2 protein chains.
Amino acid sequence: MNSSASTKERILTAAESLFAQRGFEGASLRQLTAAAGVNLAAVNYHFGSKDHLVEQVFKRRLDQLNARRLAALKHITGQSETTLEDVLSAFIRPALDLSHDGGGGLFMRVLARAFAEHDDSLRKFLSENYGHVMRQFTAEFARLLPDLSKEELYWRIDLVTGALTHAMSGFGIIQRKSDVSETIHREQTAEHLIRFAAAGLRTP
Amino acid sequence: MNSSASTKERILTAAESLFAQRGFEGASLRQLTAAAGVNLAAVNYHFGSKDHLVEQVFKRRLDQLNARRLAALKHITGQSETTLEDVLSAFIRPALDLSHDGGGGLFMRVLARAFAEHDDSLRKFLSENYGHVMRQFTAEFARLLPDLSKEELYWRIDLVTGALTHAMSGFGIIQRKSDVSETIHREQTAEHLIRFAAAGLRTP
DNA sequence: GTATGGTTCAAACGATCGTTTGAGGATACG
DNA sequence: CGTATCCTCAAACGATCGTTTGAACCATAC
């Protein structure tokens with residue numbers, strides 16, 4: 001089973017990287033298995049199909065992200081005084097960390113692409129896996145921003161999510177400079193994002 | 001030439017819709033030409049290749065967006081007193097209008113997807129087509145926010161762009177309700193976005 | 001040793017892809 | 001009318017796709 005687990009992991013890692021670079025339909029199983037150093041048939045043997053592999057690539061990262069976000073939220077809500085910046089940090093930093101751990105911010109490009117490609121099935125899959133986490137964060141935001149209507153709050157959280165996704169995907173014009181380490185760049189991103197989002201959320 | 005122009009236009013329109021739904025690699029020329037009601041070979045005859053067709057789909061919409069944004073910016077900078085909200089409106093509303101005119105917010109999904117798929121060539125193409133517009137808006141933002149450092153300003157404009165892209169693409173949880181017309185929903189989106197972005201930009 | 005269940009392998013399957021071809025239709029100009 | 005130009009069309013091209021197949025491999029259990 002150990003050699004099997006190794007094969008599965010190698011496929012998942014290579015898939016995450018290749019999907020981000022070339023897209024789900026652009027990355028072929030032959031490129032993927034070659035990059036992973038496994039046989040072509042291994043994907044269908046271990047995952048059943050290419051579509052199931054795509055789902056597993058997401059599941060592995062989303063479970064990690066959800067766990068870290070909830071842990072961070074639980075940690076700060078346990079304290080006596082919780083600020084809006086604290087909640088935003090719990091929401092933002094695990095996501096930015098994730099885009100770094102995966103080997104260079106690849107996962108979020110996969111995620112952003114996924115929303116557009118799989119019309120409903122993957123979108124539903126994501127909303128189901130994200131739902132309970134978003135609900136907890138929304139409740140905490142609502143507690144700290146009691147003057148905002150529910151609808152207003154939903155809108156603003158959505159906009160924060162958009163700014164975060166944009167920052168994670170590396171779409172923007174802001175690129176890390178060569179003389180700034182990835183860790184420092186991530187910290188700068190978090191600080192800018194938290195300050196920007198906090199101001200946007202607080203405005204009456 | 002008139003029947004040729006009609007064929008070209010039909011291909012462009014069908015391509016924009018299909019690319020948004022299925023992606024550049026997911027939408028085949030056979031699906032595309034069938035939806036457009038033209039012969040399969042017409043794409044290669046009129047555009048040379050599928051890749052050139054992709055570029056033309058972008059060019060048609062981006063030229064439109066750039067023109068509208070610059071016109072709106074010119075209109076408000078001609079006035080005596082220009083507010084931050086005015087500039088944001090000139091930046092945001094043409095984009096939201098575009099996502100509506102195209103037949104239901106399809107174009108922005110194409111755009112968001114494009115950033116991820118074509119690694120560098122299309123990205124370069126977009127930055128070249130966007131560069132001069134972004135420079136003018138950045139200059140106007142800088143004039144209205146003199147206390148912000150250049151780097152700070154770049155960061156925040158990038159975050160505004162992220163929130164805008166997110167809202168346009170319809171990724172978010174906020175969906176138009178069936179009893180709200182698309183026009184009204186677009187106006188609500190613009191108002192929420194402008195207020196949120198203005199607060200984020202102004203924070204010291 | 002031998003049988004067994006999980007895993008890897010090379011090879012092939014049918015389907016679909018973007019592109020090319022050459023014949024034929026349509027229109028305008030001499 | 002003849003011819004030239006632009007366009008459309010059905011058909012085919014070679015390549016590549018996801019998937020399947022059946023034999024080979026390699027542990028562990030008896």
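**Figure 1. Where α8(B) meets α9(B).** In this close-up of a predicted model, B:R156, B:L159, B:V160, B:A163, B:L164 and B:A167 of α8(B) face their partners B:T189, B:L193, B:F196, B:A197, B:G200 and B:L201 of α9(B). Sorted by class, this contact has 9 nonpolar, 2 polar and 1 charged residues. Helix α8 of chain B spans residues 150-169 and helix α9 of chain B spans residues 182-202; they pack at an angle of about 160°, with their axes 10 Å apart. The two helices, α8(B) and α9(B), are therefore roughly antiparallel to each other. Their crossing is right-handed.

**Figure 2. The packing of α8(A) and α9(A).** Now let us turn to chain A. Here helix α8 (residues 150-169) and helix α9 (residues 182-202) pack at an angle of about 160°, and their axes are 10 Å apart. That angle makes α8(A) roughly antiparallel to α9(A). A right-handed crossing describes the pair α8(A) and α9(A). On the α8(A) side the contact is made by A:R156, A:L159, A:V160, A:A163, A:L164 and A:A167, and on the α9(A) side by A:T189, A:L193, A:F196, A:A197, A:G200 and A:L201. The class count for α8(A) with α9(A) is 9 nonpolar, 2 polar and 1 charged residues.

**Figure 3. α9(A) crossing α9(B).** This view brings the two chains together. The axes of α9(A) and α9(B) come within 7 Å and cross at roughly 130°. The helices α9(A) and α9(B) are therefore oblique to each other, and their crossing is right-handed. From α9(A), the contact draws on A:F196, A:A197, A:A199 and A:G200, while α9(B) supplies B:F196, B:A199 and B:G200. Divided by class, the residues of this contact are 5 nonpolar, 2 polar and no charged.

**Figure 4. A:A163 and the largest nonpolar core.** The largest nonpolar core has 89 residues, of which A:A163, A:L193, A:A197, B:A163, B:L193 and B:A197 touch the most other members. Zooming in on A:A163, and setting aside neighbours within four places in sequence, we find contacts with A:L193, A:F196 and A:A197, and also with B:L159, B:G162 and B:A163.

**Figure 5. A:A15, a buried residue of helix α1.** A:A15 lies in helix α1 (residues 2-22) of chain A. A:A15 counts as buried because 26 other C-beta atoms lie within 10 Å, where 20 or more are needed. Not counting residues up to four places away in sequence, A:A15 touches A:L32, A:L53 and A:V57. For a sense of scale, A:A15 and A:N44 are 29 residues apart in sequence and 13 Å apart in space, C-alpha to C-alpha.

**Figure 6. A:G48, an exposed loop residue.** A:G48 sits in the loop between α3 (42-47) and α4 (50-77) of chain A. With 11 other C-beta atoms within 10 Å, A:G48 is exposed, the limit for that class being 12 or fewer. A:G48 and A:I76 are 28 residues apart in sequence and 41 Å apart in space, C-alpha to C-alpha.

**Figure 7. Chain A as the setting for these views.** Chain A has 9 helices and 0 strands. Buried residues make up 38% of the 204 residues in chain A. Among the chain A contacts with a separation of 6 or more, 68% come from residues 24 or more positions apart.

Terms used. Residues numbered from 1 in each chain as written. Chains lettered and ligands numbered in written order. Predicted model: local features only at pLDDT ≥ 70, side-chain atom pairs only at ≥ 80, totals over all residues. Axes fitted to C-alpha atoms, helices over the stretch in contact; angles between N-to-C directions. Helix = DSSP H or I, 4+ residues; strand = E, 2+ residues; numbered from the N terminus. Parallel < 35°, antiparallel > 145°, perpendicular 65-115°, else oblique. Left-handed = near helix turned anticlockwise from the far one by under 90°. Contact = placed C-beta atoms within 7 Å. Nonpolar A, V, L, I, M, F, W, Y, C, P; charged D, E, K, R; others polar. Core = buried A, V, L, I, M, F, W, Y, C linked by C-beta atoms within 7 Å.
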